[in-house]
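Let's take a friendly walk through this model together, from the overall picture to a few individual side chains. Keep the structure open beside you as you read.

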Amino acid sequence: MKEHTPARLVRIEVEALLTLAERLDGPMSSYFERAVVWVMECSASRGRVLVTGMGKSGIIAQKIAATLNSTGTPAFFLHAADALHGDLGMLSPGDVLIVLSASGETEELVRLVAALKREGMGQGCAAEDRGEAGNRMISFCCDINSTLGRASDLALDCSVAEEACSMGLAPTASTTVMLALGDALAIAVSQRKGFREEDFADLHPGGKLGKRLARVRQLMHSGDAVPQVALATPMSEVIYEMSRKGLGITTVQEAGRLVGIISDGDLRRLLEREGPDALHKSAGEAMHAAPLTIAPDQFAATALHIMEERKITSLVVMDETGAVLGVLHLHDLWRSN
């Protein structure tokens with residue numbers, strides 16, 4: 001048994017992915033397009049996509065189902081063994097079933113397909129001819145001439161020249177190809193449906209990703225937390241307000257409208273330039289009159305880009321009338337949920 005170096009193991013998987021890409025550009029293009037259309041039609045009719053597999057392929061099936069869900073296509077993972085003991089009830093007329101198998105002869109999957117055929121399911125084309133809502137079955141299979149490949153309405157070729165496992169036994173390159181094909185299908189469907197960044201944000205409210213996709217209004221400091229002074233406010237009170245609110249700036253407002261800001265940096269520069277006389281200035285004399293602002297419905301990622309590019313730590317949030325709604329601080333964007 002010849003052992004592969006780590007680099008060779010990775011190259012085997014890379015070569016398998018390049019072969020898949022060539023298939024998608026060539027002989028498998030029309031079949032993949034049909035799969036995209038079927039999944040789109042299923043989603044449009046409020047059907048679900050059920051993804052199933054056993055062993056390592058089952059783990060990949062779970063990930064594909066999760067990717068479909070996160071990109072706007074309702075999907076479930078169906079455990080093939082559990083399906084044979086009652087969970088087949090998850091499958092309704094009009095749903096699409098995606099089955100993953102390296103060999104195409106996995107016992108539980110073959111039995112599942114046989115059960116579907118006995119019930120008249122998994123025969124989407126025949127059902128359509130009868131004017132009924134049928135189910136379509138798509139297989140991701142390394143042998144499209146296997147039992148599973150032949151039984152499917154559509155078989156997508158996931159064959160590989162070799163597995164990265166030096167014994168050729170552990171599913172490695174083959175499951176990588178299945179994962180990439182599932183990602184390609186999910187993203188192709190989402191692009192065709194016009195799935196937007198806003199839609200993605202609505203489905204990912206938690207964690208760091210949720211922070212990045214959150215709206216500015218969800219993260220900003222508002223109400224009494226917004227530091228605020230008037231044009232005539234003396235510097236001693238300006239410093240107190242900035243210290244009390246702890247955001248590194250204060251807004252300078254007139255009748256609820258922003259006329260300028262004073263930042264920690266502005267204060268330091270004023271003291272360097274004016275010395276003790278700086279404390280005799282008013283907010284209107286010390287403020288920066290053309291500050292950067294952001295709208296409340298902008299993405300947090302946009303705010304972070306502005307802050308990093310301009311090397312600032314806070315942005316004033318304003319509506320279209322110029323009214324101050326809040327202040328967004330850099331720490332609010334870094335801090336994870």
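Helices here are DSSP runs of H or I with at least four residues, strands are runs of E with at least two, and both are numbered from the N terminus. With that in hand, please bear in mind that this is a predicted model. The protein chain holds 16 helices and eleven strands. It has 337 residues, of which 44% count as buried. If you take the contacts with a separation of 6 or more, 65% of them involve residues 24 or more positions apart.

Let's begin with helix packing. Two packed helices are described by the angle between their axes and the distance between those axes. Look at helix α1, residues 6-25, and helix α8, residues 173-192: their axes come within 9 Å and cross at roughly 40 degrees. The crossing of α1 past α8 is right-handed. On the α1 side the contact is made by Ile 12, Glu 13, Ala 16, Leu 17, Leu 20 and Leu 24, while α8 brings Ala 173, Thr 176, Val 177, Ala 180 and Leu 181. Sorted by class, this contact has nine nonpolar residues, one polar and one charged. An α-helix has 3.6 residues a turn, so residues three or four places apart point the same way.

Helix α8 also packs with α2, residues 29-44, at an angle of about 60 degrees and with the axes 10 Å apart. That makes α2 oblique to α8 as well. The crossing of α2 and α8 is right-handed. Here Phe 32, Glu 33, Ala 35, Val 36, Val 39 and Met 40 of α2 meet Leu 181, Ala 184, Leu 185, Ala 188, Val 189 and Arg 192 of α8. By class, the contact of α2 with α8 counts ten nonpolar residues, no polar ones and two charged ones.

Now for the loops. Thr 71 sits in the loop between α3 (55-70) and β2 (75-79). Is Thr 71 buried or exposed? Its relative accessible area is 6%, so Thr 71 is buried. A polar atom of the Thr 71 side chain lies 2.7 Å from the backbone oxygen of Thr 67.

Asp 95 belongs to the loop between α4 (80-83) and β3 (96-101). Its relative accessibility is 2%, and because buried means under 20%, Asp 95 counts as buried. Where does its side chain go? A polar atom of the Asp 95 side chain lies 2.9 Å from the backbone nitrogen of Arg 48. Asp 95 and Arg 48 are 47 residues apart in sequence, yet their C-alpha atoms are 5.0 Å apart in space.

Further along, Thr 233 lies in the loop between β6 (228-229) and α12. At 12% relative accessibility, Thr 233 counts as buried too. Its side chain reaches the backbone nitrogen of Ala 230 at 2.9 Å. Leaving out residues up to four places away in sequence, Thr 233 touches Val 238, Lys 281, Ser 282 and Ala 283.

Our last stop is helix α13, residues 264-274, whose buried residues are Gly 265, Asp 266, Leu 267 and Leu 270. These buried residues pack against α12 (235-245), β8 (257-263) and α14 (283-286). After α13 comes Gly 275, which has a positive phi, near 65 degrees.

Notes. Residues are numbered from 1 along each chain as its sequence is written. This is a predicted model: local features need pLDDT of at least 70, side-chain atom pairs count only at pLDDT 80 or more; totals for chains, interfaces and linings use all residues. Side-chain values use heavy atoms; hydrogens and water are left out. Axes are lines fitted to C-alpha atoms, for helices over the stretch in contact, and angles run from 0 to 180 degrees between N-to-C directions. A crossing is left-handed if the near helix is turned anticlockwise from the far one by less than a right angle, and right-handed if clockwise. Contact means heavy atoms within 4.5 Å. Ala, Val, Leu, Ile, Met, Phe, Trp, Tyr, Cys and Pro count as nonpolar, Asp, Glu, Lys and Arg as charged, and the others, Gly among them, as polar. Buried means under 20% relative accessible area, exposed over 50%, partly exposed in between (1.4 Å probe, protein chains only). A polar contact is a pair of N or O atoms within 3.5 Å; within protein, one must be able to donate a hydrogen and the other to accept it, and residues adjacent in sequence count only if both atoms are side-chain atoms. Angles under 35 degrees count as roughly parallel, over 145 as roughly antiparallel, 65 to 115 as roughly perpendicular and the rest as oblique.
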